[in-house]
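Please open the model in a viewer and keep a selection panel at hand.

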Amino acid sequence: MSARDDILAKVKAAIADAEQEKPIPREYRTTTTDGLDTFLDRLAHYDATTHVVEPAELEGVVRAALGNRRRIIVPEAWMTAVEEPLTDDPPLTHDQIDQSQGVLTTCALAIAQTGTIILDGGPGMGRRALTLLPDYHLCVVKHDQIVASVPEAIAKLQTNPTRPITFISGPSATVDIEMTRVRGVHGPRNLEVIITT
Amino acid sequence: MNRSGDLIWTDDPPFSQNAKQAVHNSQLRRNVRNATATIRQRRAGLVAETPDWQELRHAGAAIKDDVLHHLDTYLTEFEQNATANGAHVHWAHDATQATAIVADLIKETGNTEVIKVKSMATQEIGLVEALKHQGITAHETDLAELIIQLSHDKPSHIVVPALHRNRAEIRRIFLDHMPDAPQDLTDDPHALAEAARLHLRRLFLKTKTAISGANFAIAETGGLLVAESEGNGRMCLTLPDTLISVVGIEKLIPTFKDLEVFLQLLPRSATGERMNPYNSIWTGVTENDGPQSVHIVLLDNGRTNALKDGTGRQALRCIRCAACLNVCPVYERTGGHAYGATYPGPIGAILTPLMVGVEHAPQLPFASSLCGACYEVCPVEIDIPTVLVKLRHDAVKAKPHKTEDATFAAAARAMSGRRRWTAALKAAKAMRLIRHSAPPPLSRWTRTRDLPAPPTEPFREWWKKRDR
C-alpha cells in the first residue's frame, strides 16, 4: 500500500464518527467603510510614501519620484515616463535585477483597510522577481482599483486564483529582535505609491 | 507509535523539572514577558476595532471543522488540482519518510546547498538535521531561525522563535558565528537586521533549490499560501529553480474564498497587525515566473492519530498563530523550551500528546492552570481547556498514579460507613498541624498548595451539642 493510500485510509477511519454536515456561519462583514483616506493612512503607518494625483499629472510625478535613479525596471514598458527602461525582454538575470535602482509597476488591486497592494503578474506588473530584488518599488494604483476590505479583494482575485499572487502591505519588516519593528530585511525597503484619481 | 523527527525532544518531556529551572532564569523571563506582552497588546487593540471578530472566529472554526470532517475528500481534491497545475505531490507517513523524500528530491537536482523558509512542519520532522546527515546544507533564511541555527539552539516560540534572546545576545551570536558580520556590529536592532540582510542576500541570488512550508493549502485550486514579514519567503519561493514545500495534511482550506476569513484572523492573532507585509500564493508552476520544478510533500506524522480523538481533533484546526502562547501565564514564566517539544505553550500541550500518544508526553496536559485565556484568544475557537482535561484523564489512565489511587481508595473506605467516617473526622483534626507543610511525599503537594483548614469540631458534633 502506498503512503498515499495508507494515509487516506487512516483519515477515513479516523473521521468515521464525525458529526454530520454543519453549515458554515458566514456572518462576518463583506465590506467596510474604509476608503482612500484609510488607505493613505495605512501606507503612511508602514512608512510608504504616497501621492494622490490627477491622471494628467502622473508622468510628471513618476519622473519626480524616480529622481536621479537610472536602471529602472518597467515591465512591458507599460509607461513611457522612464527613459531607457529595463523591460525584462529578454529576461533579466537575478544579478541584473538586483543591480537595478528600482521597479515601476501597476497593480491588480489594493485593499484600503489593510493598506495592501496586490500584484498578480498581469499587465504592467511583471514576474515576481522584478518586484522583489530591487530596493525601491514605485507602484501606480488607480483609484477604482482600491476595495475596502479583504473579502472584496479575495472575491476579485477569484476570477484568476491560480496566478502567482503577491500581497504587499508595507515594506519588508521584522519584529524578531525584541519585538522592535525594523524596516527592510529582504524585499524592497522603499515603497512609494501613486494613486490616480 | 514510532517516534521519528523532532515532535518531542525526549520521551516524556519533563515539563515540571524544566519549568522549575526556567522560572529562575530572570533574563529569559524578562525577554518572554516583554515580547508576549507587546504582541498581546497589539492583538487586543486590533480585535477591539474589529466589530465582526467573533463572527470571523465562528467561521474560521467551522471551515476548519469542515476540512477535518471531510479531510480525505479535500486531500484528493487538492492533489488533483495541484498536479493539474504542474506540481508533483508526494505523501509522507512520518518524519523519516518525509525527510527521505525531500533529500531524494534535492539529490536529483545535484545541489548540496539549499535555502529554506521558516516552517513548523520542517522543524517538527527535524529536516535540517536529517539533510545534514545526507551531506546537504539547508540554510535558514528567517532572521530568528538564522539566529537559532547559528547558535545551535532550538526555537522557543511558534511565530517569534528567538524571542528568548535579547539584542545583546543576538549581537554576540552574529559576531561569534556569522563570518561576514562587521566587527564593529552594534546591538541596535536595525544594525543586526542589516547584517543578516547582507549575509543572506548572497545566498538568495545563487541558490537553486528552496524548501518551504505553507500556511494554507487550497483544495479548490491546488495552490499554497505563505505568510511572512521579512521577504525571505518571497526570495525562496521565487528565485530558485526547484521548490519543495512540506505541508501538514491539516493545513487545507476548502476554497479560495475561505482565505477572506483566515487572512483577517491570522495577522491580527500572530503579530498584532491588520496584515503582515507579504503573502505569496502560488499554484504549481507558472511559465517564466518562479521555480519550474515544484514539489509538495503532504505530511501525516501523527495528524491521523490526533484526528481519531473526537474531543481532541479540534486541535488540528490550529493555524499556528501562537496567540495562545502569548496569553498563557504558564508560558510567560517558563518560555517555550520547558515544554521539550516543537510545539510549546497551550496548543503544544494538547497537540503534542495527541500526535505522539499521551503516554509519550504525559506531563504536557498538566502544564496549565486551566485559566482558559488561550480558548478566548484562539482565532479558530479551539477549546484548549476541555482538551487538556480530557488528555489528563487519558494520561492518568495510561500511567496510573499508585499513591493517588491508594489515597482515594482509602478515602472511599473511610466514607463508606458512619463509624469509620466519624473516626476519620477526629483524625482530620490532626491535619491542622500539616496544613502548610506536610512531610514527604505529601510535601510535593503542600509546597504549592494550602490545605483548607478543617474546623475545630466536625459539623455533626456541633449539631449534637446544639440540639441540647
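The axes are lines fitted to C-alpha atoms, for helices over the stretch in contact, and the angles run from 0 to 180 degrees between N-to-C directions. Helices (H or I, at least four residues) and strands (E, at least two) are DSSP runs numbered from the N terminus.

The model is predicted, so local features need pLDDT of at least 70 and side-chain atom pairs count only at pLDDT 80 or more, while totals for chains, interfaces and linings use all residues. Residues are numbered from 1 along each chain as its sequence is written, chains are lettered from A and ligands numbered from 1 in the order in which they are written, and side-chain values use heavy atoms, with hydrogens and water left out.

Display the side chains next. Leu143(B), Ile147(B) and Leu150(B) of α8(B) meet Ile170(B), Ile173(B), Phe174(B) and His177(B) of α9(B), contact meaning heavy atoms within 4.5 Å. Sorted by class, this contact holds six nonpolar residues, one polar and no charged. Ala, Val, Leu, Ile, Met, Phe, Trp, Tyr, Cys and Pro count as nonpolar, Asp, Glu, Lys and Arg as charged, and the others, Gly among them, as polar.

Arg167(B), Ile170(B), Arg171(B) and Phe174(B) in α9(B) touch Pro189(B), Leu192(B), Ala195(B) and Ala196(B) in α10(B). The classes here are six nonpolar, no polar and two charged residues.

**Second stop: α16 and α18 of chain B**

Move to residues 345-356 (α16) and 384-398 (α18) of chain B, where the packing angle is about 45° and the axes lie 10 Å apart. α16(B) is thus oblique to α18(B). The crossing is left-handed. Pro346(B), Ile347(B), Ala349(B), Ile350(B), Pro353(B) and Leu354(B) face Ile384(B), Val387(B), Leu388(B) and Leu391(B) across this contact.

Select Arg317(B) and Asp65(B), which form a salt bridge with their closest N and O atoms 2.8 Å apart. Arg317(B) lies in the loop between α13 and α14 and Asp65(B) in helix α3 of chain B, so the pair ties together parts that are 252 residues apart in sequence. A salt bridge here is a side-chain nitrogen of Lys or Arg within 4 Å of a carboxyl oxygen of Asp or Glu. Over all chains, the structure has 33 of them.

How many residues does each chain bring to the contact? Chain B gives 89 and chain A gives 68. Together they bury about 7,100 Å², 60% of it on carbon and sulfur atoms; buried area is the accessible area (1.4 Å probe) that two parts lose on being put together, summed over both. Arg197(B), Arg234(B) and Phe256(B) supply 9% of the area that chain B buries against chain A, more than any other three residues. Seven salt bridges are counted between the chains. For one salt bridge, select Arg29(A) and Asp52(B), at 3.1 Å from N to O.

**Last stop: a loop of chain A**

Finish at the loop between β2 and α4 of chain A, which holds Pro90(A). A cis peptide bond joins Asp89(A) to Pro90(A), with omega about 5°. Asp88(A) lies in the loop between β2 and α4 as well, and its phi is near 65°, a positive value in a residue other than glycine.

Methods. Angles under 35 degrees count as roughly parallel, over 145 as roughly antiparallel, 65 to 115 as roughly perpendicular and the rest as oblique. A crossing is left-handed if the near helix is turned anticlockwise from the far one by less than a right angle, and right-handed if clockwise.
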